[in-house]
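Please look over the sequence and the structure before reading on.

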Amino acid sequence: MNNQREGSKNHSNIEATNTNPWLLHLIQIHDTAFPTGSFAHSFGMETYIQESDISNEDDLKAFCDMYLRQNLASTDAIIAQEAYRLAKENDLQGLIRLENICHAIKLSPETRKGSMMMGRQFLQTVQPLNNSELFTIWCEKLKNKEIKSHYPVVYGIYTAMLGVDLRTSLETFLYSSITSLVQNGVRAIPLGQNSGVQTIFSLLPVIQETTSRVMTLDLEHLDNNSIGLEIASMKHEFLHSRLFIS
């Protein structure tokens, strides 16, 4: 009986281990030490900080809330979701068209460049970890300068190839985007680490709400309506001193 119980217990452990074989790797690629280069980009936030529109924890929370609901939800999150679906269908031409759309909707040169820099860094880092045919072809196209490798497209492809479910892919995409912004805000304002932790914690329900909303949308809903953010990003390159590339 004891052996049966032990065997049953071990079986349960094996099943638990195999439920999400990608989980630990998903945590790994969102670790702050994972080299995506996100620590170098504020995507316009630094302009707001230098103009004193973001000067404390509440301001940072309000900015990130807006960034999630008004920017990511209508642009990059939809792109990442579409990339995930096209990758599942192995639609290479669809992915190339999607990346051209992603490139076109980013009006600010710094935001456009930042998205490409992060995408290329992410792609080059994870390429040795994934040998799927589609991902290998995508890497070859970057090497041959046939694609620009925007981050939301690469992220959608990679999580699809890992076997991550769509909702988790979107939630982690939004989470990583916001945690990077908060950490950069903590450095630039500056704020204490506890303020950063509390800000991220307060935004977790917003990330879940935004994920649910994005899952009801498609490319027809793509809309860059964050004009103030685009202007801030355009002004960023003319700031007297800067901590971030974008």
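The model is predicted, so local features need pLDDT of at least 70 and side-chain atom pairs count only at pLDDT 80 or more, while totals for chains, interfaces and linings use all residues. Residues are numbered from 1 along each chain as its sequence is written, and side-chain values use heavy atoms, with hydrogens and water left out. The chain has 12 helices and 0 strands, and its largest pocket holds about 700 Å³ of space.

**Overall fold**

- From the N terminus on, the elements run α-α-α-α-α-α-α-α-α-α-α-α; helices (H or I, at least four residues) and strands (E, at least two) are DSSP runs, numbered from the N terminus.
- The radius of gyration is 19 Å, close to the 18 Å that the globule rule gives for 246 residues, so the chain is as compact as a globular protein of that length. The radius is taken over C-alpha atoms, and the rule is 2.2 Å times the number of residues to the power 0.38.
- Along the principal axes, the C-alpha atoms fill a box of roughly 70 × 45 × 30 Å.
- Buried residues make up 50% of the 246 residues. Buried means under 20% relative accessible area, exposed over 50%, and partly exposed in between (1.4 Å probe, protein chains only).
- The accessible surface comes to about 12400 Å², of which 51% belongs to carbon and sulfur atoms. Accessible areas come from the Shrake-Rupley method with a 1.4 Å probe; for residues, only the protein chains shown count as cover.
- Among contacts between residues at least 6 apart in sequence, 82% join residues at least 24 apart; contact means heavy atoms within 4.5 Å.

**Largest pocket**

- The volume of about 700 Å³ is the space filled by probe spheres set on grid points, which are joined across faces, edges and corners. On a 1 Å grid over the protein atoms alone, a pocket is an open set of points where a 1.4 Å probe fits, with protein on both sides within 12 Å along at least five of seven lines; lining residues have an atom within 4 Å of a point.
- Of the 38 lining residues, Ser 38, Met 118, Ser 176, Ser 177 and Ser 180 are the closest to the centre.
- Two or more lining residues come from each of H4 (57–71), H7 (109–126), H9 (151–162), H10 (166–188) and H12 (227–236). H10 gives the most, with 10 residues.
- The lining divides into 15 nonpolar, 18 polar and 5 charged residues. Ala, Val, Leu, Ile, Met, Phe, Trp, Tyr, Cys and Pro count as nonpolar, Asp, Glu, Lys and Arg as charged, and the others, Gly among them, as polar.

**Second largest pocket**

- About 160 Å³ of space lies in the second largest pocket.
- Its lining consists of Leu 23, Leu 26, Ile 27, His 30, Thr 168, Glu 171, Thr 172 and Tyr 175.
- Helix H2 (23–29) and H10 each supply at least two of the lining residues, and H10 has the largest share, 4 residues.
- By class, there are 4 nonpolar, 3 polar and 1 charged residues in this lining.

**Backbone features**

- Most residues other than glycine have a negative phi, and most peptide bonds are trans.
- The peptide bond from Ile 189 to Pro 190 is cis, with omega near -5°; Pro 190 is in the loop between H10 and H11 (193–214).
- Ser 52, not a glycine, has a positive phi of about 65°. Ser 52 lies in the loop between H3 (45–50) and H4 and counts as exposed at 54% relative accessibility.
- Asn 90 also has a positive phi, of about 55°, without being a glycine; its place is in the loop between H5 (76–88) and H6 (92–105).

**Two lysines**

- Lys 141 is in helix H8 (residues 133–143) and counts as buried, at 16% relative accessibility.
- Leaving aside neighbours within four places in sequence, Lys 141 is in contact with Leu 92, Ile 96, Glu 146 and Ile 147.
- Lys 235 lies in H12 and counts as partly exposed, at 38% relative accessibility.
- Not counting residues up to four places away in sequence, Lys 235 touches Thr 47 and Glu 51.
- Lys 235 and Leu 123 are 112 residues apart in sequence and 29 Å apart in space, C-alpha to C-alpha.
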